[in-house]
Amino acid sequence: MLDTLTAALREVLPADAVITDPVRLRTYECDGLTYHRATPGVAVLPDTAEQVAAVVRLCNEFAVPFVARGSGTGLSGGALPREDGVLVVTSRMRRVLEVDLPNRRAVVEPGVTNLAITEAVRDQGYYYAPDPSSQQICSIGGNVAENSGGAHCLKYGFTVNHVEACEIVTPDGDLVTLDRMDPGYDLLGAFIGSEGTLGIATKITVRLSRAPESVTTVLAAFENIEQGGRAVSAIIGAGIVPAAIEMMDALAIEAAEAAVACDYPRGAGAVLIVELDGPSAEVELQFARLKEICAGAFELRVAAGQEERAAIWKGRKSAFAAVGRISPAYIVQDGVVPRTALPRVLAEIDRLSAEHRIRVANVFHAGDGNLHPLVLFDDAEPGAGERAETVSGAILDLCIEHGGSITGEHGVGVDKARYMPRMFTDDDLDTMQLVRCAFDPRGLSNPGKVFPTPRLCGEVPGVRKGAHPLVESGKAEQF
């Protein structure tokens with residue numbers, strides 16, 4: 001069936017846009033989370049939305065699953081391909097189609113990188129606010145799929161807060177537009193963060209923000225992470241809402257130094273990066289209060305300009321990739337806890353690390369309690385991978401126990417799907433599946449992601465026996 005489909009794909013796409021060579025297909029076997037790998041049956045690189053729609057229609061005709069992929073920087077296995085399916089790679093669709101500064105909007109294709117949007121409008125005094133650490137290479141289509149955040153989401157929100165409209169290819173191959181201004185249910189909001197399970201974005205209208213009048217970036221070095229955590233609580237408690245508050249522990253600092261020589265203060269058990277922006281008078285007042293709060297830091301650096309500001313951010317922005325310098329393999333997690341629970345959760349992570357003999361480097365958006373523990377292990381050591389998985393799962397359990405979530409911005413993908421029942425009831429999961437089935441009754445769009453056991457669409461056999469209660473009551477239809 002896949003061979004027949006491949007022949008049909010060659011009829012609707014340019015000759016170089018259909019990849020079947022096994023060596024070239026290995027390029028797409030994983031996203032940024034390399035722990036999960038699968039080689040796609042075939043990969044296609046469309047140039048236009050119409051070509052994407054044609055590919056999806058063919059997948060429906062042959063009942064073959066498909067997965068969308070942008071730049072491949074995701075960290076939850078959300079773009080993990082199917083060996084029996086088609087991988088739709090949108091990296092060639094990278095045009096900025098329109099910039100409308102009077103209405104503070106830009107229209108871009110999904111392969112446009114996050115930073116490229118800002119670069120297109122920076123000279124006019126505007127920028128695109130969401131800024132994942134991988135913003136130089138991550139694509140806006142992937143940001144939409146995962147509802148990506150970034151360091152500045154504390155003040156400015158996630159991708160969903162900055163997308164006005166999306167042209168999408170539905171799972172049955174139709175081209176439709178979802179607009180923020182449409183009356184009725186917020187279908188655009190449902191689509192953003194759906195991890196490719198509700199279709200593929202082919203054109204995105206984003207909101208542009210005016211560059212702030214003043215920006216002050218501060219790096220505070222503390223002897224230990226507990227001191228840094230107390231400073232974070234005090235900053236928020238003082239009514240200050242910084243653009244960003246980021247923290248790294250000693251192990252994460254070690255990795256960053258090895259990778260990019262960021263020159264953070266020696267001997268720091270933790271560094272706190274705080275960025276204030278807004279009107280100059282407001283920033284000045286907030287900075288004066290910030291210095292009082294961070295009086296316990298043994299070193300305080302204030303960026304004198306854009307170059308020094310970039311130098312402060314250099315280590316933090318490179319943290320995920322940097323751990324490759326100190327560990328052969330790692331798993332990055334993405335749990336969230338209330339800020340007040342940070343000290344207790346970090347202490348428990350230290351305990352788990354010691355108990356299982358697995359190092360954990362902590363990097364996190366401290367302002368909103370979004371943890372990014374990097375669980376380090378040697379995949380050549382027997383049993384190390386299993387211990388790392390145990391620690392990763394236990395960290396997510398900690399987040400749930402303390403009133404948090406299993407993901408803040410990286411998504412569920414395949415990596416966290418099995419943890420969904422720990423956070424949601426069967427009824428919760430079934431309700432989510434009803435939404436998915438409304439978009440994708442055949443279960444072909446990025447199957448196997450987000451949900452541990454699909455229960456209504458017939459995507460794969462699930463745990464449930466007999467008819468679903470919603471079907472029996474006439475409130476749902478089982479396809």
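Predicted model: local features only at pLDDT ≥ 70, side-chain atom pairs only at ≥ 80, totals over all residues.
Valine 18 belongs to a stretch where two bridges join β1 to strand β2 (residues 42-44), and the two run antiparallel.

Helix α3 packs on the sheet here, touching β2, β3 and β4, and its direction makes about 170° with that of β4. Zoom out, and you'll see an open sheet of four strands in the order β1-β2-β4-β3, with mixed pairing. The edges are taken by β1 (18-19) and β3 (66-69), and each has a single partner strand, so one side of each is left without a neighbour in the sheet. Another helix, α1 (residues 2-12), also packs on the sheet: α1 touches β1, β2 and β4 (86-89), and its direction makes about 20° with that of β2.

Now for the other sheet. Its five strands form an open sheet with antiparallel pairing, in the order β5-β6-β10-β8-β9. Here β5 (96-100) and β9 (175-179) stand at the edges with a single partner strand each, so one side of each has no neighbour in the sheet. From one strand to the next, the twist averages 15°. Look at β8 (residues 163-169): five bridges join it to β9, and the two run antiparallel. Along the way, alanine 165 stands opposite aspartate 179 in β9. Helix α3 (residues 49-61) turns up again, lying across β8, β9 and β10 (200-207) and running at about 50° to β8.

Finally, hop over to helix α14 (residues 384-401), where you'll find glutamate 389. Is glutamate 389 buried or exposed? Its relative accessible area is 17%, so it counts as buried, the cut-off being under 20%. Leaving aside neighbours within four places in sequence, glutamate 389 is in contact with Tyr35, Ile331, Arg418 and Tyr419.

Conventions:
Residues numbered from 1 in each chain as written. Heavy atoms only, no water. Pairing = 2+ DSSP bridges. Axes fitted to C-alpha atoms, helices over the stretch in contact; angles between N-to-C directions. Contact = heavy atoms within 4.5 Å. Buried < 20%, exposed > 50% of the residue type's maximum accessible area, 1.4 Å probe, protein only.
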